[in-house]
Amino acid sequence: MHDELEIVEYNFESSSHKILPGVNKYHCTLHNLDIECNYTYSTEVGNPNSNVDTKDICIEENRFYKYQIIKPKGEATTQRVVFLFHGFNEKDWGKYVPWAKAISESTGFSVILFPIAFHMQRAPKGWSNKREMFKLSEMRKRSYPNVVHSTLSNVAISIRLHSMPQRFIWSGLQTYYDVIQLIEECKEGKHPYISKNFEFDFFAYSIGGFLAQILKLSNYNNYFANSKVCLFCSGATFNRLSPVSKFILDSEANIALYSFLIEHFDSVLQKDNLLHHYITEHLEGQVFRSMLNYQRMRDLREGLLKKYEDQIYAITLKKDLVIPSFEVINTLKGAYRTINIKVEELDFNREYIHENPFNADSGTSQLVNEDFKLVFSKVSDFFKKG
């Protein structure tokens, strides 16, 4: 770490883990409603020792975890915080620490590295066991001979989402409620470092932008009225992403997810009491749904984006194949380009990919440093202005 910054770590227990699949009866406290729901747990490919298909509600790492804050060294309390949300299927923070450090150094704000449910430190270690995951991937290739991009890196998440695509929604909602829980704990003066009258913004990359947009647009309890959202390689609706990648999802999982969330979601909601309740009766569920399909619920999504157009800024990359620039523009600026959100497309003079925009090899390290500085000076300027 830079001499003037330090990393501190705090424990967190997710009180919203109770919404996760794994039991028969649920209770919505907001509506004081009991809901019955039975999910079946099965995978076509599995290994009883790999715990890839453990019931979500039983995964302790996802309920009890630590999160890190990068902060100015020696600072006793802070009033300005940036939440940093990572990408899909990420297992460690190595890529993001320099990003957080750059934001903290140039703004003086603290940066919370906040993990999405079942990612980073919230996933069982076994899902990253290279030998076990390689075996599972080989089994998966035998079961699905046409599968594209099944790898030891993505096999755990691919199997889990293939067998139960609703996990995408439940893990997103759990993380949404966790962020609100942390904010409320801070507002109640329970955090040793974050002041109770703190202000906060979001820096979100890839699928993390999905979470940031849902938090911002649903504006729970008016907590997010003044929060800025900076999106990096992010911002498009789910059905405009191309997540098939050896680092993200394999093709079979992507087909299952797309079929569930886009093609058959209406009929799914008729059969799934729990999902139906959270998606139709909760504003965050409605906003979540509006971010799935570009064509559906466009009035709701674009109306909210228009409302907060001055507080959202997106940086896209021209060669990004996972979340293409033009899809971010289509979503954030609206079908008729009536939303005045600034979307800035950059293109680096070197090879790069969505999953690793600052990948330095010996020949390009100088260029990468320049690109990195360019991006994060824009990010910091956005957070500091106004």
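Predicted model: local features only at pLDDT ≥ 70, side-chain atom pairs only at ≥ 80, totals over all residues.
Start by selecting strand β5 (residues 78-85) and strand β7 (residues 194-205): they pair in the parallel sense over seven bridges. Two strands count as paired if DSSP finds at least two bridges between them, and helices (H or I, at least four residues) and strands (E, at least two) are DSSP runs numbered from the N terminus.

Residues are numbered from 1 along each chain as its sequence is written, and side-chain values use heavy atoms, with hydrogens and water left out.

**The sheet**

Now widen the selection to the open sheet, where eight strands follow the order β1-β4-β6-β5-β7-β8-β9-β10 with mixed pairing. At its edges you will find β1 (5-13) and β10 (342-346), each pairing on one side only. From one strand to the next the twist averages 25°; angles here run from 0 to 180 degrees between N-to-C directions, and axes are lines fitted to C-alpha atoms, for helices over the stretch in contact.

Contact means heavy atoms within 4.5 Å.

**From α5 to α9**

Keep α5 (residues 167-187) and select helix α9 (residues 273-280); the two pack at an angle of about 45°, with their axes 12 Å apart. They are therefore oblique to each other, since angles under 35 degrees count as roughly parallel, over 145 as roughly antiparallel, 65 to 115 as roughly perpendicular and the rest as oblique. Show I169, W170, L173 and Y177 of α5 with L274, L275, Y278 and I279 of α9 to see the contact. By class, this contact of α5 with α9 has eight nonpolar, no polar and no charged residues. (Ala, Val, Leu, Ile, Met, Phe, Trp, Tyr, Cys and Pro count as nonpolar, Asp, Glu, Lys and Arg as charged, and the others, Gly among them, as polar.)

**Around α4**

Move to helix α3 (residues 130-143) and helix α4 (residues 155-163), which pack at about 50° with axes 9 Å apart. That angle makes α3 oblique to α4. On the α3 side, pick M133, L136, S137 and R140; they meet V155, A156, S158, I159 and H162 in α4. The residues of this contact of α3 with α4 divide into five nonpolar, three polar and one charged.

Stay on α4 and bring in helix α7 (residues 251-263): this pair packs at about 30°, with axes 8 Å apart. Here S158, L161 and H162 of α4 touch E252, A253, A256 and L257 of α7. The contact of α4 with α7 has four nonpolar, two polar and one charged residues.

**A hairpin**

Select strand β2 (residues 25-28) and strand β3 (residues 33-36), an antiparallel pair joined by four bridges. C28 stands opposite L33 in β3. Four residues lie between the strands of this hairpin, and N32 takes a positive phi near 45°.

**The whole chain**

Finally, zoom out to the protein chain, with its 13 helices and ten strands. Its C-alpha atoms fill a box of roughly 55 × 50 × 45 Å, taken along the principal axes.
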